[in-house]
Amino acid sequence: MNRGKDTSRTRLLIGLGALGLALLAVLLAVLLLRPEPEAGLWQAPLHSRTYVQVEKALRDPFLDAERAAGLPPERVFKPLPPEVVRLLGDSAVDYDAFTGTYLDESAAKNLIAAAGRAGLVATASAERRVELPWHELIAGDEAGRSHPGFRAMGQEKGQAVPGLYLLQLAYPFKEEWTASLSACGIRQLAYFQERTLLVKAESDEKLRACAAIAPYISWIGPFLTTDRYAPETFERGASGEGWDLHFAPGTDLRGKEASLATGIKAQSVPQAARAELPAQPILHAQGPAAPLRAIADTDADLLSVTRHSTIELSDERQGQIVAGNHNGARVNLTPRYRAWLQNRCLIPGSTAVSCPQAAANQQTVCMIDGGYDTGFQANGQPPSGKRRHPDLAGPERVLRLQNFPNPNLVTSWDRGGHGTMVAGIIAGAGGT
């Protein structure tokens, strides 16, 4: 009898054990098969390590930059010494002028010390900032993900825009990585500071599965609706000048116009058709702020919203101060500063001073800025058929326009006027 009870107990215990194993198997399957964590929480192993960049030594420290530009990198820079190479680890990525790698804290200190002994410059950084047009965040820090202004308004976090992701690279950008993204069906829409791209993809899993670029990714996060505009963009209600709505390439602007709420007027902003600066679909909208803010919070094709403003000439004062034509209260516009440039043989054409060297004394300057305004009018027509501001077009002074790091990067160019202003400061003839 007791034996029978013991047998039943044994069977019961065996049954419970089998059930426990079955539940454990189900739990493991769920853990293994469930989707990856939310994209905003994903970061690569490199994210927790220290980035070290070791600068290569020049073969000829006195080599002229223009001559160096025409030489292959191995003719300009020396290879890193073997004792430095041994300490780079298995995460090193080589560039023409430097090598970057990720190491733990102790190994990073050893590499920097070895580089110093070899007379090389090496710097370490654990920087995880992402600089978007409207705010700055730390990759992986969900608590500070949104602009403080939105948090003060009770919007702790915007909604993820379907199909749009922020992708921070662990290393300085290489142009061939753009081709790798395209081959994986991923489209690059914008490049932000601190090695961050805005991309369009089916999912964040697709980004991590792109083998050609996956080893170089530090962090992937969703692009939020609150990343598209500043907190104060709609705070003043209806605006006489309205707002510019920048959409992803290929967006049907006519369809967007037709879907706008009653009371909102909109028209497309003409864009010059130029290969070096691809057109971006932009709507200039006017009307009440509330429905436009609703678009900014829900539209899946929208990239950014800015308050529309009329471009006007500015910052002429500093040029006139340099030329001695401004007395602190008002500017004397008669002399301009062409004569000031000519008298210093910086531009040809002076009649007062003989400057035979002026024509030969021309320098090429690379300007990294917000773009260059082609001078197109509001109706999309070029003024008098010219493509440049007269001060930069007679003779033509802009040798080349290039989007970096991606030649086909879709962007709006110099809508704030800063790049054009700096181009005028560097190379304007001062006659207009």
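## A charge over a ring

In this predicted model, the side chain of Lys174 is placed over the face of Tyr95, at 4.7 Å from the ring centre.

## Aromatic pairs and their cluster

Counting rings as paired when their centres lie within 6.5 Å, the model holds 11 aromatic pairs. One of them joins Tyr51 and Tyr171, whose ring centres are 6.3 Å apart and whose planes stand at 80° to each other, an arrangement that is edge-to-face. This pair links distant parts of the chain, since Tyr51 belongs to strand E2 (residues 50–55), while Tyr171 sits in the loop between strand E8 (160–169) and helix H7 (175–183), and the two are 120 residues apart.

Which residues form one aromatic cluster? The members are Tyr51, Tyr102, Tyr171, Phe173, Trp177, Tyr191 and Tyr216.

Tyr171 lies in the loop between E8 and H7, whereas Tyr216 lies in the loop between helix H8 (204–209) and strand E11 (217–224), so the pair ties together parts of the chain that are 45 residues apart in sequence.

Is Tyr216 buried or partly exposed? Since buried means under 20% relative accessible area, Tyr216, at 22% relative accessibility, counts as partly exposed, whereas Tyr171, at 2% relative accessibility, counts as buried.

Terms used: Residues numbered from 1 in each chain as written. Predicted model: local features only at pLDDT ≥ 70, side-chain atom pairs only at ≥ 80, totals over all residues. Heavy atoms only, no water. Phe/Tyr/Trp six-rings, centres within 6.5 Å; stacked < 30°, edge-to-face > 60°. Helix = DSSP H or I, 4+ residues; strand = E, 2+ residues; numbered from the N terminus. Buried < 20%, exposed > 50% of the residue type's maximum accessible area, 1.4 Å probe, protein only. Lys NZ or Arg CZ within 6 Å of the ring centre and 35° of its normal.
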